[in-house]
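Keep the structure open while you read.

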Amino acid sequence: MSTAQPASDENTQLELVTVPPADASTHKRASRASAQAMASHQREISVSEFFSRNRHLLGFDNPRRALLTGVKEAVDNSLDACEEAGILPSIRVIIERITDDRYMMIVEDNGPGIIKQQIPNIFGKLLYGSKFHRLKMSRGQQGIGISAASMYGQLTTGKPTHIISRTNPRRPAHQYEIQINTTRNKPEIVNEEDIHWERDRGTRVAIEMEARYLRGRQSVDEYLRQTALANPHLQLHYTTPDGKETLYPNSIDELPPEPLEVKPHPHGIELGILMKMLQGTPHRTLQGFMTQEFCRVSVRVAKQICEHADLTPNARPRSIAREESDRLFKAINTTKLMKPPTDCIVPIGEGLLLQSLEKNLQADFYTSTTRPPAVYRGNPFQIEAALAFGGDIPDEGPTQLMRFANRVPLQYQQSACAITKSLIDVDWRNYRVSQSSGALPTGPLVVVVHLASVWVPFTSESKEAVANYDEIAKEIRLTLQECGRRLGEYIGRQKRVAEAARKKSYIGQYIGHIAAALQDLTNDSDAQRQQMENQLRTMLERSRS
Ligand SMILES: Nc1ncnc2c1ncn2[C@@H]1O[C@H](COP(=O)(O)OP(=O)(O)O)[C@@H](O)[C@H]1O
Ligand SMILES: [Mg+2]
């Protein structure tokens, strides 16, 4: 009866008696706080203080997951940086065991490096990054990734984060040891020096943390295996704490095309954001603001919106922010606009996804499909899926689902994710796969779903589950249905083949007896009987399977 729990900490025992109203004469209380007394406790909370207490929100809720999240943040950053700089990524990941509950994670890349002045802020300040204020498909988006890993390491071991970065082969590398001052959300430099480094360019991050290394479904091993699957251009070298080395070679020598940055679409903007944009815009007229800060707003459309809002196109954005933004907001949403451009999304692609899956696991049947791009709340996105069936995939248990968002594997919060919900919503029995209602399909099936978007709507900062927007759920269902149909056809064909083979072998068993029985009736010679038997066998062989 956890819902009946009393609110106060002292009342730990649950009593189901009715307590009479408090009586001042019997219950003497210390005098309550005044507004002045309360004011003395009221102060700002820094973002790092907040997240150091709520580390589960960032994916650091237990030592096992912490190790995964740390590696993930660093590898995702390395991939983003390499791709943005047009460098084919080659990444090294090393996990070293220090004690049973303490590990060192090291991630090293051949990316563009980080300039000296930025290193402290990137690793020692939460909510600092280059990706938050833009709409562009990338792995990181909140600017809270690697600094959170660094803060977790510091909180659990007291050790600073160790960084080496080099941006130019003709200049030395910079080495830093950095801590976060959580009260002020500011970096503290413990040590800095220029050093010789064998790499020409790139970044190396080492964080010691309280952690646990385990294999299996939600492990670092699995994250790296899936990362290689979704990034065929990545070369990855991985060393586990027990010294096992794995190389995932890249299967293509080309980077994916660079995703374009887009401006926000007016239909995805909330009123508060619109007001903030009106306040902060450098444009002096409403028309200039509308056409320059959004996509799909031409001069003609801007004028139309102004007319609907009963505002003049020459009005000053700042004054509108205060008084008339509500009208403007309504007018925007009632004006018909072209959908946002979708060339800003770069999927993995049907062909490469299929190839990766074939390389990754042994199955009897594979298929993949990429849907055309679509839009949710003004944000373009695109879904692709692949599946593998039979072969080495275990026959028992629910389907193994691999979820990806902007090529990043999602390994936690499976049941809270729109991808899982959509997989369950497809009726797999239509495709000859067993499924109980409201559950994942079962059988020797592996399903891969990738959501690519300029802004992935995660359910929380730990970026593990996709929020259930109708448009997204629908696209996932359609993609899976397409793959499902092809699987159904394959299973149907296999069933027919198996059925024909079964019939054939059944008939084959009787041919000898039939020939003998006929010989009995016709008094044919043994040679004639043999001839008849051969003839029947040839006919059976020739029959269509
Ligand atoms: N390995 C790296 N190479 C180059 N730049 C990096 C690297 N890691 C992080 N950065 C820079 O630091 C910023 C902050 O990273 P992070 O805290 O993970 O936030 P996010 O990835 O969400 O922007 C990134 O936006 C990027 O500009
Ligand atoms: Mg990041």
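Is Arg-485 buried, partly exposed or exposed? Arg-485 is partly exposed, at a relative accessible area of 42%. Here buried means under 20% relative accessible area, exposed means over 50%, and partly exposed is in between (1.4 Å probe, protein chains only).

A bit of housekeeping before going on. This is a predicted model, where local features need pLDDT of at least 70 and side-chain atom pairs count only at pLDDT 80 or more, while totals for chains, interfaces and linings use all residues. Residues are numbered from 1 along each chain as its sequence is written, chains are lettered from A and ligands numbered from 1 in the order in which they are written, and side-chain values use heavy atoms, leaving out hydrogens and water.

**Salt bridges**

The count comes to 23 salt bridges, taking a side-chain nitrogen of Lys or Arg within 4 Å of a carboxyl oxygen of Asp or Glu as the rule. Helices (H or I, at least four residues) and strands (E, at least two) are DSSP runs, numbered from the N terminus. Among the pairs are these:

| Pair | Closest N and O atoms |
|---|---|
| Glu-108 and Arg-199 | 2.6 Å |
| Glu-482 and Arg-485 | 3.1 Å |
| Arg-502 and Glu-499 | 3.2 Å |

Glu-108 and Arg-199 form a salt bridge. This pair links distant parts of the chain, 91 residues apart: Glu-108 belongs to strand 2 (residues 102-109), and Arg-199 to the loop between strand 5 (186-195) and strand 6 (202-210). Both Glu-108 and Arg-199 are buried.

Then look at helix 14 (470-522). Glu-482 and Arg-485 both lie in this helix, three residues apart, or about one turn. Glu-482 is partly exposed, with a relative accessible area of 26%. Arg-502 and Glu-499 are separated by about one helical turn because they are three residues apart in helix 14. An α-helix has 3.6 residues a turn, so residues three or four places apart point the same way. Arg-502 counts as exposed at 52% relative accessibility, while Glu-499 is partly exposed at 37%. Elsewhere, salt bridges that share partners tie Asp-80, Glu-83 and Arg-139 into one network.

**Around helix 13**

In helix 13, the residues Ala-418, Ile-419, Thr-420, Ser-422 and Leu-423 are buried. Their cover includes strand 12 (400-405), strand 14 and helix 14, with contact meaning heavy atoms within 4.5 Å.

**Buried spots worth a click**

Asn-379 sits in strand 11 (residues 379-389) and counts as buried at 10% relative accessibility. Leaving aside residues up to four places away in sequence, Asn-379 touches Leu-135, Ala-374, Ser-453, Val-454 and Trp-455.

Which residues have a positive phi without being a glycine? Arg-407 is one of them, at about 70°, and Lys-463 is another, at about 55°. Arg-407 is in the loop between strand 12 and strand 13 (408-410) and is buried, with a relative accessible area of 5%. Lys-463 lies in the loop between strand 14 and helix 14, and counts as buried at 11%.
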